[in-house]
Amino acid sequence: MSNPSDGSSNPKTTFMIEEIQELLPHRYPFLLVDRIIDYKESERAVGIKNVTMNEEFFQGHFPGRPLMPGVLIVEAMAQVGGIVLAQLPDIPSGKLFVFTGIDKVRIRRSVVPGDQLVITAEFLSLKRKRFAMMSTKAEVDGKLACSGELMFAMVD
């Protein structure tokens with residue numbers, strides 16, 4: 001699924017979980033994107049992650065006060081960024097971009113069971129068709145939970 005177009009003149013702007021799994025190699029329990037609700041090729045993607053008490057990490061983070069680990073919020077932001085990168089024009093199909101760095105990341109509020117993360121990843125740059133940068137943010141109920149710049153590198 002390297003082409004976001006559905007074959008008509010209207011480009012594809014949403015992706016269900018099966019389509020996300022065609023674009024990302026992640027699988028349960030590490031696939032942290034449930035749906036893409038807005039997508040614009042080479043520009044941005046907006047995804048959602050429904051946070052439930054059934055998440056494995058809540059067993060130990062923390063008993064009696066479940067909080068989604070900040071590193072997993074950042075990983076969810078990286079996965080939404082991966083949706084954009086997996087479909088960049090002029091990148092050979094099947095190439096994988098891996099998350100390689102974080103800059104200016106700030107966690108602003110806790111994410112708890114029952115929350116829905118709305119994650120936006122905006123494409124900033126691609127250097128030598130190999131190194132990419134994305135601006136990302138995760139919100140709950142319109143309030144910023146986490147934001148930062150993420151770096152990626154294409155692997156062979």
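**Figure 1. Strand 5 and strand 6 (residues 143-155) run antiparallel and are joined by 10 bridges.** The view is taken from a predicted model, in which local features need pLDDT of at least 70 and side-chain atom pairs count only at pLDDT 80 or more, while totals for chains, interfaces and linings use all residues. Residues are numbered from 1 along each chain as its sequence is written, and side-chain values use heavy atoms, with hydrogens and water left out. Strands (E, at least two residues) and helices (H or I, at least four) are DSSP runs numbered from the N terminus; two strands are taken as paired if DSSP finds at least two bridges between them. Phe-131 has Ala-153 of strand 6 as its bridge partner, and Met-133 stands opposite Met-151 in strand 6. The two strands form a hairpin with 2 residues between them, and Asp-141 in the turn has a positive phi of about 55°.

**Figure 2. Strand 4 (residues 116-127) pairs with strand 5 (residues 131-140) in the antiparallel sense.** The pairing extends over 9 bridges. Within it, Val-118 stands opposite Glu-139 in strand 5. The hairpin of strand 4 and strand 5 has 3 residues between the strands, and Arg-128 takes a positive phi near 50° there.

**Figure 3. Strand 6 also runs antiparallel to strand 3, to which 9 bridges join it.** Phe-97 stands opposite Met-154 in strand 6. Strand 6 is mostly covered, with 10 of its 13 residues buried. Here, buried means under 20% relative accessible area, exposed means over 50%, and partly exposed lies in between (1.4 Å probe, protein chains only). In a regular strand, side chains alternate between the two faces of the sheet.

**Figure 4. Val-155 has its place in strand 6.** Val-155 is classed as partly exposed because its relative accessible area is 31%. Not counting residues up to four places away in sequence, Val-155 touches Lys-95, Leu-96, Val-98 and Arg-130; a contact requires heavy atoms within 4.5 Å. Val-155 and Val-140 are 15 residues apart along the chain, and their C-alpha atoms are separated by 33 Å.

**Figure 5. The structure holds 9 salt bridges, including those shown here.** A salt bridge is a side-chain nitrogen of Lys or Arg within 4 Å of a carboxyl oxygen of Asp or Glu. Side chains of opposite charge can pair when their charged atoms come close. The side chains of Lys-49 and Glu-55 meet at 2.8 Å, N to O, and both residues are buried. Lys-40 and Glu-43 form a salt bridge at 3.9 Å, N to O. Lys-40 is partly exposed, at a relative accessible area of 46%, and Glu-43 is likewise partly exposed, at 41%.

**Figure 6. A salt bridge of 3.8 Å, N to O, joins the side chains of Glu-149 and Lys-104.** The pair links distant parts of the chain, with Glu-149 in strand 6 and Lys-104 in strand 3 (residues 96-107), 45 residues apart. Lys-104 counts as exposed because its relative accessibility is 59%.

**Figure 7. Phe-15 and Tyr-39 form an edge-to-face pair, and the structure holds 3 aromatic pairs.** The ring centres of Phe-15 and Tyr-39 are 5.2 Å apart and the planes lie at 85°, so the arrangement is edge-to-face. Rings of Phe, Tyr and Trp (its six-membered ring) pair if their centres lie within 6.5 Å; planes under 30 degrees apart count as stacked, over 60 as edge-to-face and the rest as tilted. The pair links distant parts of the chain: Phe-15 lies in the segment before helix 1 (17-23) and Tyr-39 in strand 1 (residues 35-40), 24 residues apart. Phe-15 is buried at 0% relative accessibility, and Tyr-39 is buried at 4%. Lys-12 lies over the face of Phe-15, at 5.5 Å from the ring centre. A charge sits over a ring if NZ of Lys or CZ of Arg is within 6 Å of the ring centre and within 35 degrees of the ring normal.

**Figure 8. The mean pLDDT of the chain is 93.** pLDDT is the predictor's confidence in each residue, from 0 to 100. Of the residues in the chain, 94% reach 70 or more. Over residues 1-6 the pLDDT is below 50, and this stretch has 19 contacts in the model beyond near neighbours in sequence.
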